[in-house]
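This report goes through a few local features of one protein model. Keep the sequence and the structure in view while reading.

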Amino acid sequence: MNKIKKNLVASKIIYGFVTAAFLILPFLCMAAEGNNLWNYDSVQVAATYDDQKKVTLASDGIGGAIIVWHEYEYFFDDNWKVKVQRLDEDGNPLWTAGGVEISSSGAYPIIAADDVGGAVIAWQDSSSDDIYAQRINASGTPLWGVDGVLIGTGGYVSAIVGDGSGGAFIVFSLSPKIAHINSSGVPTSPGFDGISLGGGVLALGDPVITQAGSNEAIVAWTNGVKNILAQKVTSSLTLPWGATPVLISDNARKEIRSEIAADGSGGAIITWARQPEVTQSTAYVVAQRISHDGICLWTPGGVILVDSSIVGGSDSAWRTYEVAPVVAAGPIGGAIIAWNDWRDESATGGNDDLYAQRLDELGVPQWAANGIKLHTDSGNTSQRRPRIASDGGYGAIVTFQDMIFYAYSIYAVILDADGIEWRNYVYYDGDLDDPGNNQTDPVITFDGTGPDPTGAIIAWIDERGSSDNIYAQKIEKEHITLFPDLIVESIVINPPLPDPYEAFTVDITFRNQSAINAGVIIKCGFNPGYKPFSFWDYWYLLGLEAGGTSTRRFDYPDGRAADTYTLSATIDPDNSLTESDETNNYLSVPLIIIPSDTDPPTPSPMTWELEPYQTSTSSIFMEATTANDPSPPIRYFYNFTTSPTGGSGGSDSPGWSLSTGFVNGGLSTNHQYGYQVKARDALVNETAYSAISYEYTNIETPTGIRFGEITPQSIQAMILNKLSGLTLSNSGWYIQNSTARTDSGWKQDSDYWLNKGLSPNTRYDFMAKARNGDGQETSWCTSANTCTLAAVPRADSFYDVSRTGITANWNLNGNPKTTAFYCENMTAGTNSGWIMGSSWVCKGLSCNIAYTFRVKAKNLDGVETEWCKLGSQSTLPCPGYYGDFDEDGDVDGSDLKRLANDTSLLALSSFAANFGRSD
């Protein structure tokens with residue numbers, strides 16, 4: 001089976017123990033938020049001098065509870081009275097102090113919520129044994145007259161449940177009988193004395209009742225032959241299952257202590273104890289589910305949850321002492337059932353323990369066979385009187401009383417659906433100075449409809465005062481475990497450095513530095529470190545409250561010989577306590593007994609092993625020279641003197657330290673701080689202070705570079721972020737053009753550095769660093785780059801001019817050959833596109849036309865220059881004569897030579913025409 005986590009949280013102190021070893025094995029925890037519990041010592045419901053007994057309660061539906069009890073007045077009426085009080089979600093009483101008196105002569109009250117913030121209460125008159133009922137509203141006002149409504153005569157009032165409409169069903173008398181009263185206080189016909197639950201039935205055990213839907217209820221009880229019966233009744237006092245009750249079980253063993261819970265489908269789940277007879281030695285805890293129409297749905301005779309012949313234990317204890325199961329139903333027909341049994345009892349009958357089992361809707365056990373143990377005590381203790389409430393889902397909360405130090409305390413266990421992760425909570429375990437006070441008879445209700453955090457409210461009878469009073473506590477439905485943290489806070493020797501054989505004392509202080517209470521008994525130890533041998537002195541601490549301390553003194557009136565001893569103390573040396581930190585339970589200190597020493601440690605004045613040195617923009621580290629002295633230990637104190645630059649955060653070391661190093665954090669960036677150090681020995685002989693050493697904290701590293709104005713020959717550059725203390729001493733920033741191998745030098749202003757003498761259209765990489773007032777430099781920032789602008793190209797002459805083409809030319813003007821240029825024929829509306837080079841051949845032109853050109857450039861980042869006007873150029877004239885084959889403007893011999901090579905008719909006719917011939 002998976003190991004179950006067993007942890008307890010104290011509303012006061014905690015729990016199980018080994019009697020033989022006198023050692024408590026505490027497991028501590030608490031809800032996720034401790035302030036969701038009520039008052040640390042729980043809440044007293046009604047402070048009176050009279051004994052308060054028979055407590056029970058119901059939820060008020062909004063996070064609180066209505067609690068009812070009977071009270072015996074010794075000094076006035078010498079009579080029992082029924083009183084009721086309402087607590088809100090924070091545990092504050094809302095009604096009359098001392099409780100609202102419901103009856104001046106009543107006893108054995110029972111209660112059911114009316115679902116609108118009030119409740120219906122029934123009780124037995126202490127003089128006539130008649131049964132009465134009263135409804136009280138959310139304000140504490142009785143609604144059914146001064147004395148309530150008479151329900152029946154004679155007999156014991158046993159059980160009550162609301163009808164879902166503001167009224168209630170009430171079971172009473174040994175017959176047994178049941179009555180119904182509506183929300184207005186009118187008993188349902190036949191009225192007085194109600195009806196019998198079946199002909200000739202007899203209730204040997206208290207009947208139990210649960211709602212079975214709107215205006216219906218199911219009752220279960222043990223009859224005269226010790227079998228379990230059940231009957232269903234409506235608010236009109238009819239019996240849907242007939243006049244004869246349904247037989248749930250007729251086993252030969254004695255069947256008693258039945259409990260019941262609604263199954264959510266109009267039926268119920270019933271559990272009971274089957275105790276052995278002389279001829280039937282085996283004991284059982286049994287459960288059965290009955291449907292809305294009275295049919296048993298699980299194994300005939302019931303599902304056996306525990307079998308004493310399997311789990312063992314004393315047969316006599318199983319037969320003689322009580323086994324009391326309780327049941328809480330789940331949302332779809334299943335249930336969690338808890339009980340006490342005697343499997344761990346050998347003979348005496350004082351060691352019953354709590355177990356639980358979850359059944360699904362088919363009655364199949366979901367947890368370990370014979371149940372899981374709810375609470376582990378290593379001692380011979382008694383856990384009994386369990387009560388249970390569903391958590392609104394598949395889990396449940398079980399409360400019970402547990403015998404510790406011969407007195408009962410109240411505990412609760414939260415179970416989840418798997419039964420694996422659960423938490424124990426303690427609500428009050430008695431006065432630590434008088435552990436004989438009992439807390440008994442817990443009752444519980446779950447507030448599943450109240451405001452967050454939802455949880456269970458538990459009430460019980462408490463002997464902590466001069467009379468029995470009712471106390472209550474609320475827990476959250478949380479499964480987050482928090483643990484205490486116990487430490488040895490200090491070991492104080494007085495005087496701190498005794499002389500040889502001088503009397504001294506040792507005070508050891510233990511602290512619970514968590515918000516979780518710890519106890520009941522915690523083992524502690526002290527080793528006085530005597531020579532030639534040492535030993536541990538163990539004792540036991542009776543609990544440590546959250547944040548609490550405990551101090552123990554050891555006296556040594558004869559002192560000790562001169563020597564160095566190690567005194568050590570520990571808490572929880574056996575690791576029997578589960579803590580949030582298991583590593584801090586031990587502390588040791590030196591005890592130094594030496595002849596008188598009046599000399600300070602050396603060197604004096606103190607010196608620096610490492611003078612103050614910045615370790616960040618907000619901290620400075622320093623280290624003193626290790627001092628020497630015959631009276632160890634040597635401690636060091638660092639003194640902050642001043643900040644000449646006005647920086648904040650400078651501070652001394654926090655007292656005298658064994659460490660030779662000290663870090664002063666929280667300082668201002670790039671400010672100067674001064675420090676000095678001194679040392680002292682165990683006899684408080686101090687050195688003189690060292691020389692004061694000053695140091696600047698570091699300056700911020702530049703985060704990047706921003707660029708300002710850029711030209712073809714220059715770039716403006718500046719660091720991106722603002723630097724602290726820039727003008728202080730040697731502080732400054734520095735930018736380097738790593739491409740051009742030029743730099744800004746160290747600057748202390750916020751102006752751009754103008755990097756001149758650069759080449760046009762060239763990419764340059766820059767990086768920056770800073771330095772503090774001591775000249776300590778930061779690392780370089782991430783490099784950034786940019787490009788100078790391209791130079792505007794200069795005009796050059798045209799060439800290769802013809803009738804159809806012109807070659808435009810320009811000068812690069814210092815731009816690299818990789819520079820792109822864009823030339824445009826403004827007259828023709830044509831362009832070169834972006835090209836490299838210094839010319840463009842513009843073709844397809846017309847003869848004898850003047851064309852105007854311009855050109856521009858762009859750099860590597862695409863930034864364009866202005867236009868450069870290249871001027872205008874005309875193409876050659878159109879042909880003046882048809883025979884001008886060589887296009888020189890006339891017809892002559894050179895044209896004839898051309899003609900010799902072109903004998904086409906066109907060429908001939910053209911040539912002739914120039915001479916006025918057509919033939």
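D416 counts as buried, since its relative accessibility is 15% and the cut-off for buried is under 20%. The model is a predicted one. D416 sits in the loop that runs between strand 31 (407-415) and strand 32 (422-428). A polar atom of the D416 side chain lies 3.0 Å from the backbone nitrogen of D418.

N527 has a place in a strand, namely strand 38 (residues 522-527). The relative accessible area of N527 is 11%, so N527 is buried. Its side chain reaches the backbone nitrogen of G529 at 2.9 Å.

The table sets out the side-chain contacts of these two residues.

| Residue (side chain) | Partner (backbone nitrogen) | Distance |

Which strands make up the open sheet, and in what order? The sheet has 3 strands, arranged in the order 45-47-48, and their pairing is antiparallel. Strand 45 (635-640) and strand 48 (693-696) are the edge strands, each of them pairing on one side only. From one strand to the next, the twist averages 35°.

The pairing of strand 45 with strand 47 (residues 672-680) can be followed in more detail. These two strands pair in the antiparallel sense over 6 bridges. For F640, the bridge partner in strand 47 is Y675.

## The second largest pocket

The second largest pocket holds about 350 Å³ of space. Its lining is made of 15 residues. Nearest the centre of this pocket lie P496, P590, P633, R635 and A682.

Which elements give two or more residues to the lining of the second largest pocket? They are strand 36 (486-494) and strand 42 (586-593). Strand 42 provides the largest share of the lining, with 4 residues.

What kinds of residue line this pocket? The lining divides into 12 nonpolar residues and 3 charged residues, with no polar ones. R635, one of the residues that lie nearest the centre of the pocket, falls within the range of strand 45 (635-640), an edge strand of the sheet described above.

Note on methods
Residues numbered from 1 in each chain as written. Predicted model: local features only at pLDDT ≥ 70, side-chain atom pairs only at ≥ 80, totals over all residues. Heavy atoms only, no water. Pairing = 2+ DSSP bridges. Axes fitted to C-alpha atoms, helices over the stretch in contact; angles between N-to-C directions. 1 Å grid on protein atoms, 1.4 Å probe; cavity = no way out; pocket = protein on both sides within 12 Å on 5 of 7 lines; lining within 4 Å. Points joined across faces, edges and corners; volume = space filled by probe spheres on them. Nonpolar A, V, L, I, M, F, W, Y, C, P; charged D, E, K, R; others polar. Buried < 20%, exposed > 50% of the residue type's maximum accessible area, 1.4 Å probe, protein only. Polar contact = N/O pair within 3.5 Å; in protein donor to acceptor, adjacent residues only side chain to side chain.
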